[in-house]
Amino acid sequence: MRITTRTRRAAVAAVGALTVGAMLAACGSGTPGEAAGGGDEEGVTTIQFWHRNFTPVENEWYEGIIKKFNESQDEIKVVGTQVPGDAWDQKMKAAQAAGKAPDIYTHPGSIQDAVNAGQLHELDSIVPADALAEISDAAKPVSEVDGTYYAYPLLLEPQAVLFWNTDMLDKAGVDSTAGPTTWDELLDACAKIQPTLADGQYCISPAQDAATLAWSTVGQQYNFAGHTALTDDWTKADIDDAGYRDMMEQYKTLWDKGYMPKQPLADYGGGKDFGEQKVAFKVSGSWMLSEIGSDYPDVLGLTGIGPMVNSAEADGRTATTLGNFKWVVDAKTKNAEAAGTFLSWAIAGDPENLVPFFVDTQFTKAPVRQSVQDAVAADPAAADAPWSKVIVDDIAPNAIPEPTYPWDVSLAVGTAFESVMKGSASPDAAIDTANKAIQTVIDREGLADKAPSK
């Protein structure tokens, strides 16, 4: 096993293979779409908990934590329901419309819209203050609105991480112990790597469609421009500048020089292309390493990991956002206290409840509580996962939160990036089109009255 540690903007190189625990599929104890509101039965308060279908080990943890809580006391019964991700929005909207939303459920991304719509119960009155105080500074932006907590994060996940295959870099004479730290270094590496590859192999697999570019590059937009897509007062778009143009040109270079495939070889969030060694570099979320460890263990030992590369003008700014999954309590629940008790016990209480989650997902996610970070780091398996330090210490603390402005704003930016990258529009034309689309969203949604600074 070869481990190289570097500074905050650097990487850890080839790591030894990690033994993966049993990957047993699990399913919740409820069925999606069944009546969700809680109820009392023989003095026991029953609450419904919906969570998305995650990876097998995550699903197993959810099933286990529900069972463990139910066995720990006899006053509250939690009924778990595992919902497929592609069915989540439809089922949740239908349940909310019917007045049968679950008492407590998982929630990704920003909570701003849900809070504005009155869908979430505040947590300050149902979760102990000391538990809320443990939420890290990096997680507070996705947990609270105007000083009130509405969500408790389970995890944070850097959404743009650079992975590389050390063998493929070595064969091209590219330093594999560190990995590139700037776009110039990345492009120089690709110029050396691409000629050494066989047909069907590419230097890098980044995001390449509008929707994926929309959410996965927000941190990179900040890295290049020093800001994201809206002005601070949310009155107009803020993408007509040199930083956004420069970033567009970098992606266009990857496309024009054939360093990236013309058709995706795998989803941005998946590791199939990297695991099958069809790409030397892969840009994905930190979670991808879990898939490599479980499905391609031989490649895990050839994997380097580091922060996403920086623009020449970044001056230390991050290049990634932090994805997250949080637990929230429904505003209309009749069992808020019971839901708060379950949340407090499961993810805001004993750190040992959470250690299996982070260990079994192979240290690819960052805990939001220092006590949990310490407990996870103390687990014996942590010695075989040096990438955990890169994710938790070098990437996550500097990452910015996901944007709270509407998705349509991000999608307009992602569409601009895709059109420039693939040559269907110039940067000026793409930015002009995006500006008009964003202004439509601003006017339609009344964003000037919803800006965080208001």
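L230 is found in the loop between α8 and α9 (242-256), where helices (H or I, at least four residues) and strands (E, at least two) are DSSP runs numbered from the N terminus. This is a predicted model, in which local features need pLDDT of at least 70, side-chain atom pairs count only at pLDDT 80 or more, and totals for chains, interfaces and linings use all residues. Residues are numbered from 1 along each chain as its sequence is written, and side-chain values use heavy atoms, leaving out hydrogens and water.

L230 counts as buried because its relative accessibility is 5%; buried means under 20% relative accessible area (1.4 Å probe, protein chains only). Leaving aside residues up to four places away in sequence, L230 touches K236, A237, D238, Y405, V409, I438, I442 and L447, with contact meaning heavy atoms within 4.5 Å.

Two residue pairs are set out here.

| Pair | Value | Separation in sequence |
|---|---|---|
| L230 and P403 | 9.7 Å, C-alpha to C-alpha | 173 residues |

The link of C190 and C203 is left-handed, with -80 degrees about the S-S bond.

Technical notes. Disulfide = S-S within 2.5 Å. Buried < 20%, exposed > 50% of the residue type's maximum accessible area, 1.4 Å probe, protein only.
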